[in-house]
Amino acid sequence: MEYLYQAGKPNGKKFILLHGTGGDERSLLEMAKFLDADSTVLSFRGKIEEEGMNRFFKRNGLNQFDFASLEKETDHLLEEIKRISKEKGIALEEWILVGYSNGANIAAHLLLERETTLTQGIFFHPMSLEVHTQSFNLSDKKIWVSYGGSQDPIVSQASFAELVAAFRDRSAEVTVVETAYGHQVSMDEVQNAREWLKE
């Protein structure tokens with residue numbers, strides 16, 4: 001996978017950045033530096049191209065997911081994270097997954113469906129991918145999620161609620177923030193996520 005790695009200060013947070021549809025490995029860099037100016041970042045570019053736009057897994061139309069692609073790309077992403085972490089000498093549990101939309105979806109899926117020592121996620125406007133095959137305990141996971149409410153044309157209230165329930169039902173700690181900005185990321189959300197990181 002194409003990726004960008006920027007080392008920060010030793011005491012900084014360590015972020016894995018996963019962009020939304022049409023983004024690339026530079027899309028969330030500014031956000032990461034706002035969340036923590038001293039952060040180390042590992043930012044991936046989605047391998048799938050859809051009408052010239054980068055994505056992390058295939059779909060067959062709006063909110064119609066290609067589940068074979070989802071599983072294959074989730075495995076590949078996790079292997080890439082492990083490989084680069086080993087190369088850079090960073091323990092998996094030190095990373096915080098930061099994703100928006102399509103990137104948030106694959107990150108949440110990874111935590112729900114793969115047993116891993118990755119434990120934290122900041123997910124802007126994710127939705128349930130309706131895959132619930134695992135039941136292992138998630139009490140070591142801390143998740144912050146935001147939702148654009150009734151203004152979001154992509155993420156329905158039911159889909160968002162299903163995702164939150166999937167984490168909470170398996171004992172993950174979930175912080176939910178609702179905004180009035182639809183599917184766009186607002187400054188209020190990013191500020192809230194920054195405060196959550198400091199807690």
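Predicted model: local features only at pLDDT ≥ 70, side-chain atom pairs only at ≥ 80, totals over all residues.
Residues are numbered from 1 along each chain as its sequence is written, and side-chain values use heavy atoms, leaving out hydrogens and water. Local features need pLDDT of at least 70 and side-chain atom pairs count only at pLDDT 80 or more, while totals for chains, interfaces and linings use all residues.

View A. Helices (H or I, at least four residues) and strands (E, at least two) are DSSP runs, numbered from the N terminus. Strand E8 (residues 142-147) runs parallel to strand E9 (residues 173-178), and six bridges join them; two strands pair if DSSP finds at least two bridges between them. Lys142 stands opposite Glu173 in E9. Together with helix H4 (residues 157-168), E8 and E9 make a right-handed β-α-β unit. Right-handed means that, with the strands pointing away from the viewer, the path from the first strand over the helix to the second runs clockwise.

**View B. The rings of Tyr147 and Phe160.** Rings of Phe, Tyr and Trp (its six-membered ring) pair if their centres lie within 6.5 Å; planes under 30 degrees apart count as stacked, over 60 as edge-to-face and the rest as tilted. By this rule there are four aromatic pairs. One of them is stacked, because the centres of the Tyr147 and Phe160 rings are 4.6 Å apart and their planes at 10 degrees. Tyr147 is in strand E8 and Phe160 in helix H4, so the pair ties together parts 13 residues apart in sequence. Tyr147 is buried, at 6% relative accessibility, and Phe160 is buried at 6% (buried: under 20% relative accessible area, exposed: over 50%, partly exposed: in between; 1.4 Å probe, protein chains only).

**View C. Arginines over phenylalanine rings.** A charge sits over a ring if NZ of Lys or CZ of Arg is within 6 Å of the ring centre and within 35 degrees of the ring normal. Arg170 lies over the face of Phe136, 4.7 Å from the ring centre. The charged end of Arg194 sits over the ring of Phe34, at 4.0 Å from its centre.
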